[in-house]
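Dear colleague,

I am passing on the structure we spoke of, and would be glad if you could look it over with the notes below.

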Amino acid sequence: MKKSQKETRKQEKVQLQNDWKALRTYTELRVQRSWPELTDEIRKRLDMEYDWFGRNGIAKGMLMLKDFIDAAKRNLGIEALPTDGFLAGSAVAYCLGMTRKDPVAAGLKPEEFETDFEKRYLNVWVSSDLDTRDAMIRLADSMFEEKSKLRLGVPAIRLDRIYLEFRRGCDAEQ
């Protein structure tokens, strides 16, 4: 392997580790707000999710998604986005205010946590009325280098290794 390839891989590994540390730190700062009584079950769940995000290199996408959801709340006056897919069962996402329903209390655990993802993408979607959906798409397009595109007939944007889909309808309970 050429020296530049080794150096590039080393830099990528360092960046993945930095993203993981940032996600963990950002989440830990908000744990008390989500769970005033931090039980062993919740601590184990958070640690398991941190480990999974680190192994699968998904922390950067989660941080990007958190930035988008915060901007949507701030700029569009949305209190909490109805989310589904992977986020609906993530304790980290709940702790960060990315979903409304406590997955530990509800007994939810995404099947994604059972396997490693390697080069696959996570799917996350938000549901809203047509006007709000269009406003969220414009917001996402203004925030990220990669612009939204239709994916299986649904507007979506890729955030590192996460596909965020914008669906019509408010049927998500999270």
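Predicted model: local features only at pLDDT ≥ 70, side-chain atom pairs only at ≥ 80, totals over all residues.

Residues are numbered from 1 along each chain as its sequence is written, and side-chain values use heavy atoms, with hydrogens and water left out.

Rings of Phe, Tyr and Trp (its six-membered ring) are paired if their centres lie within 6.5 Å, and planes under 30 degrees apart are called stacked, over 60 edge-to-face and the rest tilted; by this rule there are six aromatic pairs. One of them joins F53 and F113, whose ring centres are 6.2 Å apart with planes at 85 degrees, so the pair is edge-to-face. Since helices (H or I, at least four residues) and strands (E, at least two) are DSSP runs numbered from the N terminus, F53 falls in helix 3 (residues 40-56) and F113 in the loop between helix 6 (103-106) and strand 2 (122-128), so the pair ties together parts that are 60 residues apart in sequence. Both F53 and F113 are buried, where buried means under 20% relative accessible area, exposed over 50% and partly exposed in between (1.4 Å probe, protein chains only). Together with W52, these two residues form one aromatic cluster.

For F68 and F166 the ring centres are 5.9 Å apart and the planes at 80 degrees, so this pair is edge-to-face. F68 belongs to helix 4 (residues 59-76) and F166 to strand 5 (residues 162-168), so the pair ties together parts that are 98 residues apart in sequence, and both residues are buried.

A charge sits over a ring if NZ of Lys or CZ of Arg is within 6 Å of the ring centre and within 35 degrees of the ring normal. The charged end of R151 is placed in this way over the ring of Y163, 3.9 Å from its centre, and R167 lies over the face of W125, at 4.0 Å from the ring centre.

In helix 7, the buried residues are R133, A135, M136, I137, L139 and A140; the buried residues of this helix pack (contact means heavy atoms within 4.5 Å) against helix 4, strand 2, strand 4 (154-159) and strand 5.

A nonpolar core is a set of buried Ala, Val, Leu, Ile, Met, Phe, Trp, Tyr and Cys residues joined through side-chain atoms within 4.5 Å. The largest has 43 residues, of which W35, M62, F68, F86, L87, L164 and F166 touch the most other members. Helix 4 gives the most to this core, with eight residues.

With best regards
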